[in-house]
Amino acid sequence: MIKHIILWQLNDGYTEDEIKEIKAGIKTGLEDLKGQIPGLIDVKVITEGLASSNADVMLDSTFESEEALKGYAVHPKHVAVADGKVRPYTVSRVCMDYKV
């Protein structure tokens, strides 16, 4: 199995209400991919980190294999969420993939 962890920081300048809406959109968009993409075993999005955090949103996902992760990266449903709900609102992205 492969873990795929991503941390994002949101762009500056959003109101608290906008931040809540953006985070909810990212969470729903990504978590709704479970069962729709081959090899995606589990996906969780954390939007409420502690004050000590320096990231705003975390994706914690599990895949059957590296090939499944590669397929996810280009899958049209994932690309639609990334392009519509994540990339327009984030300024930075850090990723770590590893075997479990």
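A residue counts as exposed when its relative accessible area is over 50%. By that cut-off Met-1 is exposed, because its relative accessible area is 52%. Keep in mind that we're looking at a predicted model here.

Met-1 sits in the segment before β1. It also belongs to a nonpolar surface patch, together with Ile-41, Met-96, Tyr-98 and Val-100.

Now for the strands. There's an open sheet of 4 strands, running in the order β2-β3-β1-β4 with antiparallel pairing. The edges are taken by β2 (40-46) and β4 (90-99), and each has a single partner strand, so one side of each is left without a neighbour in the sheet. Going from one strand to the next, the twist averages 15 degrees.

As a reminder, strands of a sheet pair through backbone hydrogen bonds, either parallel or antiparallel. Here, β1 (residues 2-10) and β4 go for the antiparallel sense, over 9 bridges.

## A tilted tyrosine pair

Searching the whole structure for aromatic pairs turns up 2 of them. One involves Tyr-14 and Tyr-89, whose ring centres are 6.2 Å apart. Why call this pair tilted? Planes under 30 degrees apart would count as stacked and those over 60 as edge-to-face; the Tyr-14 and Tyr-89 planes are at 55 degrees, so the pair is tilted.

Where do the two tyrosines sit? Tyr-14 is in the loop between β1 and α1 (16-31), while Tyr-89 is in the loop between α3 (76-86) and β4. The pair therefore ties together parts that are 75 residues apart in sequence.

Both residues have some accessible surface: Tyr-14 is partly exposed at 24% relative accessibility, and Tyr-89 is partly exposed at 29%.

## His-75, between two helices

One more loop deserves a look. His-75 lies between α2 (66-74) and α3. Is His-75 buried or exposed? The cut-off for buried is under 20% relative accessible area, and His-75 comes in at 18%, so this residue is buried.

For a sense of distance along this stretch, take Lys-85, which is 10 residues from His-75 along the chain. The C-alpha atoms of His-75 and Lys-85 are separated by 15 Å.

Conventions. Residues are numbered from 1 along each chain as its sequence is written. This is a predicted model: local features need pLDDT of at least 70, side-chain atom pairs count only at pLDDT 80 or more; totals for chains, interfaces and linings use all residues. Side-chain values use heavy atoms; hydrogens and water are left out. Two strands pair if DSSP finds at least two bridges between them. Axes are lines fitted to C-alpha atoms, for helices over the stretch in contact, and angles run from 0 to 180 degrees between N-to-C directions. Rings of Phe, Tyr and Trp (its six-membered ring) pair if their centres lie within 6.5 Å; planes under 30 degrees apart count as stacked, over 60 as edge-to-face and the rest as tilted. Buried means under 20% relative accessible area, exposed over 50%, partly exposed in between (1.4 Å probe, protein chains only). Patches are made of residues with over 30% relative accessible area and no salt bridge: like charges are joined within 9 Å, nonpolar side chains (Val, Leu, Ile, Met, Phe, Trp, Tyr) within 5 Å. Accessible areas come from the Shrake-Rupley method with a 1.4 Å probe; for residues, only the protein chains shown count as cover. A salt bridge is a side-chain nitrogen of Lys or Arg within 4 Å of a carboxyl oxygen of Asp or Glu.
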